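Me: I am new to reading structures like this one. Could you walk me through it, one feature at a time?

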Amino acid sequence: MKSFDYLAPGTLDEALRALAARPAAKILAGGTDLLVQLKNGRHEPPLVVDVKRIPDLTALRMDDAGLTLGAAVPCIRIARDADVRKHYPSLVELASLIGGTAIQGRASIGGNLCNASPSADSVPLLIALSAVARIAGPGGARELPVEAFCIAPGRNALAPGEFLVSLFVPRPGAGFRAHYLRFIPRNEMDIAVAGVGASATVTGGRITAARLALASVAPTPLFVREVTEVLVGQTPSAAIIQRAAELAQAAARPITDMRAPAEYRRHLCGVLTKRALTAVLPEIQQ
Ligand SMILES: Cc1cc2nc3c(=O)[nH]c(=O)nc-3n(C[C@H](O)[C@H](O)[C@H](O)COP(=O)(O)OP(=O)(O)OC[C@H]3O[C@@H](n4cnc5c(N)ncnc54)[C@H](O)[C@@H]3O)c2cc1C
């Protein structure tokens, strides 16, 4: 591993100044991706900026509008937080699924998103939850919907000098449910062959909102807007879930690699979409 300088700023401004001075610097949250990348030479930054001493990046708070999840909050804190457990059970499931216990003690959802892996488990669920990325940069603060954050494998939409401060997840209304599930050959140590995050709100027996996103079947996590269009306004039914599964399969752009052939991934998109929607849509009519 090439040597680098290390800085642990206590404020957003200090971090911004460090990134402005050395644009090739890398941010360190839990380090579960970054340390591997430093060791194997994928990144050779002159400076590593540890953001875990900045209060905005370790904040975890809920108000009437929703949840603010600091970009460096580790999964274990998310899974144990009383507000998250009460209002966002799908986030608890997600935080308990990334890696194993040791990884969850370090790994953040912010790091999972910024790493921009097509297989990142958190991103489809964040999209389903309508999460927004809150970004700090030399030009000031800005917000970006999570579905626009990953732009290519390993590349995100952050401009030079910018970093992710937090994720904002709107407060779920009545009748809202969300769920993420993935297919992996082995527990805890593997990368999803395919993953699906889904959410739906059912009011008075009708679907009033729905979002679905896929992992591991395209160069970036994929928001399938067509599923929203086909579900909203409908009564939950096996037929409408089948239609959504077909749309998810059609949207997928999988590759064949050592983990699975493209056709198997496309097949999984259909299976997992049906299961995820069945989990978020109560009282499905056959
Ligand atoms: C054994 C093992 C098992 C794993 N299992 C899973 C799994 O089941 N599912 C899964 O999706 N992933 C898994 N991972 C990958 C990894 O743990 C996750 O992606 C994790 O969430 C990354 O978070 P982190 O805080 O460790 O990020 P870091 O490693 O600190 O950072 C990741 C990347 O994002 C950048 N970054 C971090 N924070 C910011 C920020 N605030 N602003 C801008 N850039 C930032 C870093 O510079 C780096 O490039 C696993 C890894 C290991 C080693």
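Reply: Happy to. Let us start with the ligand: the largest share of the shell around the ligand, five residues, comes from α8. Helices (H or I, at least four residues) and strands (E, at least two) are DSSP runs, numbered from the N terminus. Please keep in mind that this is a predicted model, in which local features need pLDDT of at least 70, side-chain atom pairs count only at pLDDT 80 or more, and totals for chains, interfaces and linings use all residues. Residues are numbered from 1 along each chain as its sequence is written.

Me: How many residues surround the ligand, and which are the closest?

Reply: A residue is near a molecule or strand if its C-beta atom, placed from the backbone, lies within 6 Å of it. Here 28 residues surround the ligand, with Ala29, Gly30, Gly111, Asn112 and Cys114 the closest. At least two residues of the shell come from each of β2 (26–28), α8 (109–115) and β10 (163–170).

Me: What does the shell around the ligand have by class?

Reply: Ala, Val, Leu, Ile, Met, Phe, Trp, Tyr, Cys and Pro count as nonpolar, Asp, Glu, Lys and Arg as charged, and the others, Gly among them, as polar. Sorted this way, the shell has 15 nonpolar, nine polar and four charged residues.

Me: Now the sheets, please. In which order do the five strands of the open sheet stand?

Reply: Two strands pair if DSSP finds at least two bridges between them. The five strands follow the order β4-β5-β10-β6-β7, with antiparallel pairing. At the edges are β4 (60–62) and β7, each pairing on one side only. Neighbouring strands of this sheet are turned by 20° against each other on average, direction ignored. For such angles, axes are lines fitted to C-alpha atoms, for helices over the stretch in contact, and angles run from 0 to 180 degrees between N-to-C directions.

Me: Finally, which domains does the protein chain have?

Reply: Domain bounds come from an automatic or database domain assignment. The assignment gives domain 1 (5–51 + 59–170) and domain 2 (176–280). Their contact takes 21 residues from domain 1 and 23 residues from domain 2, where two residues are in contact if their C-beta atoms, placed from the backbone, lie within 7 Å. On the side of domain 1 that touches domain 2, α6 (89–95), α9 (122–128) and β8 (150–152) each supply at least two residues. The largest share of that side, five residues, comes from α9.
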